[in-house]
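Please examine the structure below with attention to how its parts are arranged. A series of questions and answers accompanies it.

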Amino acid sequence: MSIRKERTGAVLVVGSGIAGIQASLDLAGSGYLVYLVEQSPVIGGNMPLLDKTFPTNDCSMCIFSPKLVECARHRNIEILTCTELQELRGEPGRFKAVLLKRARYIDPEKCTGCGDCAEVCPRELDDAFNPGTSARKAVSRPYAQAFPNAYVIDREHCLQCGQCSRVCQVGAIDFTRQDEILEIEIGAVVVSSGFELFDPSSLPYYGYGRFPDVLTSFEFERLLSASGPWEGRLLRPSNLQEPASIAWVQCVGSRNIRIDRGYCSGVCCMSAIKEALTARARGPLNLRTDIFFVDLRTHGKGFEKYRVQAEGQGVRLIRSRIYAVTEKEGGDGLLIRYADEAGNIFTEEYDLVVLSVGLQPSGGFLETAGKLGLSLNRYGFCEPVELTGVATSRQGIFVAGASSGPKDIPGSVIQAGAAAGESARYLAGSEGTRVPSVVELSPEQDLTGSEPRVGVLVCRCGSNIAGVIDVPKLAEKAGELPGVVYAGEHIHACSQEGQNKLKQVIREHRLNRVVVAACSPRTHRGLFQETIREAGLNRHLFEMANIRDQCSWVHLQDPDRANVKAFDLVRAAVARAVRLKPVETFFSVVNPRALVVGGGAAGMTSAISLADRGYQVSLLEKTGRLGGLASGMVQGFRGEDVPEFLSRLIKATAEHPKIEVLTGAEIKNVEGTAGNFTTTLGDGRKIRHGAVIIATGGAEYRPVEYLYGQDSRVLTLLELEKALAGREPAVAGAKTVVLIQCVGSREPERMYCSRVCCTKSVRLALRIKDQAPGTNVYVLFRDLRTYGFYEDLYQEARSRGVVFIRYETDAKPLVEANGERLKVTVTDHILRRPLEIQADIVGLAAAAVAPEENQRLAHLFKVSLNEDGFFHEAHVKLSPVDFSTKGVFMAGLAHGPKNLEECIVQAKAAAARAATILSRTRLESQGTVAVVQREKCAACLTCVRLCPYKAAEIKKGAAEIEPTLCRGCGICAGECPNKAITLLNYEGPVLFAMSSELCRGSCEDERV
Amino acid sequence: MENATNTLHPGPSFREEVKELIHDFDFGNCLSCGMCTAGCPFSDLVLGLDPRRFLRKLLLGLREEVLSDPFVFLCNMCERCTIECPMGIKMGSLVRTVRGHFYTREEYPGFLQKVVQEQLETGNQMSVTPEDYLETLDWLQEELQQELGDPGYRIPLDRRDADYFYAFNAREIKYYPNELQAVLKIFYVAGINYTISSRKWDATNLALFTGNNEDFYKIQMPLFEEVVRLGAKELIITECGGAFHATRHAYRSFWKGRAFPVRHIIQLLDQLIGEGRLKLDPTVITAPVTYHDPCSLARKEGLVKEARRVLKAFIRDFREMNPNRTDNYCCGGGGGFIAMPEYSKARIEAKGRRKAGQIRATGAKIVAVPCHNCMDQINDITRHFKLGTSNRHVCSLVEEALIMPPGKKGNTS
């Protein structure tokens, strides 16, 4: 055996959209150094452009912002903005990357984001963030929550007049800076370069670029957004009037082989529905919202219900590809001519037309891929190697997000987790070797018995605050407040100099509480907390008053009252500060063993991912053998040999020295929390583990429809697949095969799309054509949902003579046993006449259903199921493999219908998430936690029911809150009927003191 | 609607049969999205004009349904419906294939096949005899000698090795010799080295519309052979969309002989104006003028810009139709429809309505129509809808505005 060369414990992540950020966080959290390289000046990619996200209607920025902040703060992540990959040298495991870091001119370390520079900049430009609808300067901040929180100079348009550098009070602007070449050592690369939008001006019939009220979907997102050009007011660009009607046009630049874009972009149907719903909420009453589509593809988890809900709310779905968008004679109004399936022609007028433009690889991706030596598919995407989900044509390089193919946010997050996991697995053994060592801080000051000594630092924020607020006077008044022993001002409290001054005054005045009156705690709290900790104070002895966003900015026109309010906020902050108590950090030791429940493809993949990284894994399988549902499959969606794949996987699992396979195993009981679970099996055996992955799989619905079970010629797709593979005479000799879609799916009792059946059917149809080209194949469908590159298969099937007939739910196909053959009658959607097909075999695309045992497991692990019996993730978008219960993860069909490759990706992602716990020696509490006063507790279970993180439990007759699980949200404290629970530093007296200070101010103000 | 007679029995063999006849696109790719149905300018005016529905029958292999569908001949093969088809289907081409392969010559409606037959038998679509042809040319020559004040003027008949071989439409001999006269005058003024043939001079080919490729080939080849015989460098086609498209289509599909460009006369005019060999007086035509883009020119052969350049060189008040260029509406007479008198009501009253509205909306007094077929249809429409516009070939307008160079007399009326 050769000695394995040392691999470098660092990873290059190319592209910082949601995929790049998620991969970085997972890798950094497992002890790898991450270089997150981003071409543009800010991280975040496309997600900040979106207004809301489907299907939860969460604000995109609100859910994304915490990830941005976490990424920006992570000590193991080095963010390199304005940077491009130049070259990749060396061998996998020991790469060297050459990076070009373009001069920023504004040092993000020094810039405080005050905006004085933009104030004086003479150059006005179109706003790239709100294209065509608002203006920005040549020096600007891309958007309010951008990281780095620094201004950016647009090198292309800057006049280099130097006005900005003269006004910058922290000296952050330096035009003499030069581009730099950096060389870094890394073991692996994650490619997450994202996507860009198809440019619809190349299809002139849509009128984009000619008519101002024709927008792309992303431009429309900006119109809807509160940070958009009209602060979220929905107006027509042409005349700034409210629209009375909006049309969405689907498949613009997708599913179009004439322009070599045969693929489906996968996300646009849902985003159009979401935009229509948001527009209805924002726009005028009776707003007309029509979506023109070809097939409505709501194949993701929860999407079908979203569609039903949208229709219920009045979103009109029109099945038609429009011919053109034209202008009404005399302007003011756009016309769309379209045909319904019966051939009736309509011309409707709209005030706005939104083009749901397709996704394509981001500009320059071809070049980047070339530098990395990656092969791309015909559309320029880096499609992963079959059944790996993330592997590329080159070892040590993994792909995540939309650069691998069109993807929605959860898809990108899952794939990013998998790419991180595979990188870590590839570099196993090198974790912790490249990350900065933890700086041991001096012990915290012991405050026992000492009186509060509060210091108040008032920030001028250049002229941002000082322009409105009388800062010296505010500091002077603050100095007179009870408990305050120091009050001073600073030009920029957050600058390096300001931080040093803070440390200095803490020492000089022996401060034990600090109040900073400045900007938003959202962006700056962490920074000041770190500083006071370095000065020896507990991080929680800190409070902020936001006198910029809440005073000087919003009350610019009314400085007198802004000053009164600023003092109110400072008084309230001081009132809280004097009552603050240090927060103790709780630790729990982590058991580095994992439990995987379910021995199907997902479970085995998770187990191997973790075991290869050195963790012991116990893999439980309830049946006698490994394999799961995939055992019945023959061909993957991309034509893969599934039996061969599966047998390799089973062998690797069974033979892995770190995996213990327990077949016929059943879980009896689960105890403990993240880091320390004890699971008891039916035979009494106890397994102690730090994390668990639930991969219990799914099953094919047993139809009661279409003579299934009554006639042996009616099969489910899996049965048909097997029969085809075995060349069973009845199937092999069939002259005509009919496949019926949505059997048991998208029905009132199962209102979800099973996602896999359309592609599976198309695959089987092609296989039939391969085996016996003369066979006639008919697919009876409702919407054909061959998303992404599977659309190519659909096209191939049509081209090879497979006939697709759409049926309505009120006229479902009729299958009758007709002597020798099966008579299938269906109404053709275009001809509107019954077609009679004499079939030899009928295949039913039966729904993917959740196993019943999920119910029991959900109870044991204190996790929840959705109404369809699939496990409920912590957050549909951003935590698609996590449960809200820490330490418990999910993978595969247990989470919802998906194909084999998608199961594999999620399994790898779940393993990566589990490793972020297993790789730690201990878990620590996250700041303020809820505490129970046992003597007051009546064990009423209110807290247990309400805690979103499952941190509350009844132990020995009283509630107990596990500090390492508690996130300090305060729900339990607020709801506890006997006020037995308090949240440290947010107790009643603290909050009353603050509010009475706030009230006092406004009462006085009223008297003025 | 669930009755036995209404029930259809799909069968794939017919579909395969048609598929094998088409090589440049795959109609099997159809998504039934409906873009074509909405794109047909007449789908809301004439019952049964639904391209998707027709294609659907084909996809399901419903032979009887396809072949008895009036769509086959109602369709103008104008190709507007599928010019942007996301699946790259060409409806005009498909209809032509069906017409050409599944109908006998006797089954073609109207006098379509009669015209084809005349072309096959006499070399031109109006059975003009060589004697009548030469007599007409003689007469034209005399007219031009007088008009140009040049007694030495000769029509260059069968000139060898000319730069241009001019081919035209038989109706220019039989009914509208003044049109030919205008063209010859323009050529004279521009001083180009061209020829017309005494043997093969009609460029039209109505087998373009029957789809019968045997006839199509037989009609077309003599023209190409004549170009080669006379050693002309280039073939110029008159203002006839069908002739131009047929000639180019045949050239692309069948011609294996010497290569030469095939251009529409508008392209030549554009070149001559650009070179300064034709000078036009912008004060002559002051009435507003609009331009009809024939499908065979704009959509099928991409001739769009040249026409605008030519007209804008001397028309002060030029107005585009809406829509225009490759998006323009068919006149309603394309695809041989004008040769089917049994459909004239559908052609003029129903389909004509679209073009009439389009012309009216421009407010133009003159409609420039660079196609004989469209001209006949637009004249019918003008009468029926009382548009009051004057419909003119582009050459006729150019000739009217022609500035005679010094030394050439020019007796413009």
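This is a predicted model: local features need pLDDT of at least 70, side-chain atom pairs count only at pLDDT 80 or more; totals for chains, interfaces and linings use all residues.

Residues are numbered from 1 along each chain as its sequence is written, while chains are lettered from A and ligands numbered from 1 in the order in which they are written.

Q: How many helices and strands does chain B have?
A: Helices (H or I, at least four residues) and strands (E, at least two) are DSSP runs, numbered from the N terminus. On that basis, chain B has 19 helices and 8 strands.

Q: Why does chain B count as being as compact as a globular protein of that length?
A: The radius of gyration is taken over C-alpha atoms, and the globule rule is 2.2 Å times the number of residues to the power 0.38. For 413 residues the rule gives 22 Å, and chain B is as compact as a globular protein of that length because its own radius of gyration is close to this, at 22 Å.

Q: What percentage of the residues of chain B count as buried?
A: A residue is buried if 20 or more other C-beta atoms lie within 10 Å of its own, exposed if 12 or fewer, and partly exposed in between, with C-beta atoms placed from the backbone. Of the 413 residues of chain B, the buried share is 54%.

Q: Which element gives the largest share of the side of chain B that touches chain A?
A: Two residues are in contact if their C-beta atoms, placed from the backbone, lie within 7 Å. The contact takes 37 residues from chain B and 31 residues from chain A. On the side of chain B, the elements that give two or more residues are α1 (12-19), α2 (35-39) and α3 (51-59). The largest share, 5 residues, comes from α3(B).

Q: Which element of domain 2 of chain B gives the most to the side that touches domain 3 of chain B?
A: Domain bounds come from an automatic or database domain assignment, which divides chain B into domain 1 (9-103), domain 2 (116-274) and domain 3 (289-401). In the contact, 23 residues of domain 2 of chain B meet 26 residues of domain 3 of chain B. At least two residues of the domain 2 side are supplied by each of α10 (177-190), α13 (241-253) and α14 (265-274) of chain B. The most, 6 residues, comes from α14(B).

Q: Why do the buried residues of α16(B) line one face of the helix?
A: In α16 (residues 305-312) of chain B, the buried residues are B:Glu306, B:Ala307, B:Val310 and B:Leu311. The arc is that of the directions from the helix axis to the C-beta atoms. Seen down the axis of α16(B), the buried residues line one face because they fall within an arc of 125 degrees.

Q: Which elements of chain B cover the buried residues of α7(B)?
A: Helix α7 (residues 112-122) of chain B has B:Leu112, B:Gln113, B:Val115, B:Val116 and B:Gln119 buried. These fall within an arc of 160 degrees seen down the axis, so they line one face of the helix. The cover includes α11 (207-210) and α12 (213-229) of chain B.

Q: Which residue is the bridge partner of A:Leu12 in β13(A)?
A: Two strands pair if DSSP finds at least two bridges between them. Strand β1 (residues 10-14) of chain A runs parallel to β13(A), and 4 bridges join them. In β13 (residues 188-191) of chain A, A:Ala188 and A:Val190 point one way and A:Val189 and A:Val191 the other way, and all are buried. The bridge partner of A:Leu12 is A:Val189.

Q: Which residue does B:Asn322 join through a cis peptide bond?
A: The bond has an omega of about -5 degrees. The proline concerned is found in the loop between β6 and α17 (344-362) of chain B. The residue joined to B:Asn322 is B:Pro323.

Q: How many C-beta neighbours does A:Tyr105 have inside 10 Å?
A: A:Tyr105 lies in the loop between β7 (94-101) and α3 (116-120) of chain A. Its phi is near 70 degrees, a positive value in a residue other than glycine. A:Tyr105 counts as buried because its C-beta neighbours inside 10 Å number 22.
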